[in-house]
Amino acid sequence: ARIAGTYWATLGVPVSTIVICYSLWLSKGCAAFLPFVSDLGLHGSMKTIFTCGLLCTSILMTVLMADVMVARCNSKCSWCLSILHVTACGLGLLMAFGIGRIGFCPWDSNFRKHMHCVALIFPCGIALAAVNTVRLAFLPSATLDEQLPLRSAW
């Protein structure tokens, strides 16, 4: 139950942060059409909310990565799959670090550090997606027990 709560919070916190900051962005009279995500954390109360939201997201991602790693280490799997698990966890932790740090490095005052964070977040996210895709190919396929009838709501 705690892991499920962490999972949903890890999804909900960044979405809530962006929605709140975007609402504040609109209330300040800024252009409504597609601001850069980093623009939402530049000024006033948006900056504090954006930084806190990203920091909370980073912490939740770290906890979630630890939970996933413990669950996967306790499962019996091949050495190849274990290497993929560790790789995915490492990429997730690097991405979480970048997400937590980027709120403290706004692009308008600290462009170089901001871009270092971006250089962690996006490539690690893409690599994590790729590793997870490969990892899914190695997992044994789930089969339904033929004794259980499938029921439809229709």
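## Basis

The model is predicted, and local features need pLDDT of at least 70, side-chain atom pairs count only at pLDDT 80 or more, and totals for chains, interfaces and linings use all residues. Residues are numbered from 1 along each chain as its sequence is written, and side-chain values use heavy atoms, with hydrogens and water left out.

## Overall fold

The protein has four helices and zero strands, in the order α-α-α-α along the sequence. Helices (H or I, at least four residues) and strands (E, at least two) are DSSP runs, numbered from the N terminus. The radius of gyration is 19 Å, well over the 15 Å from the globule rule for 154 residues, so the protein is more spread out than a compact globule. That radius is taken over C-alpha atoms, and the rule is 2.2 Å times the number of residues to the power 0.38.

Along the principal axes, the C-alpha trace spans about 60 × 45 × 25 Å. Of the 154 residues, 31% count as buried (under 20% relative accessible area, with exposed over 50% and partly exposed in between; 1.4 Å probe, protein chains only).

## Helices 3 and 4

Helix 3 (residues 79-102) and helix 4 (residues 111-138) have axes that come within 8 Å and cross at roughly 155°. The two helices are therefore roughly antiparallel (angles over 145 degrees; under 35 is roughly parallel, 65 to 115 roughly perpendicular and the rest oblique). Axes are lines fitted to C-alpha atoms, for helices over the stretch in contact, with angles from 0 to 180 degrees between N-to-C directions.

By class, the contact of helix 3 with helix 4 holds 20 nonpolar, seven polar and three charged residues. Nonpolar covers Ala, Val, Leu, Ile, Met, Phe, Trp, Tyr, Cys and Pro; charged covers Asp, Glu, Lys and Arg; the others, Gly among them, are polar.

## Cysteines

There are zero disulfides, a disulfide being a pair of cysteine sulfur atoms within 2.5 Å. For Cys-117, which is in no disulfide, the nearest cysteine sulfur is that of Cys-105, 4.6 Å away. Cys-117 is buried, with a relative accessible area of 4%.

Cys-124 is also in no disulfide, and the nearest cysteine sulfur, that of Cys-117, is 11 Å away. Cys-124 is buried at a relative accessible area of 8%.

## Leu-42

Leu-42 sits in the loop between helix 1 (2-27) and helix 2 (44-74).
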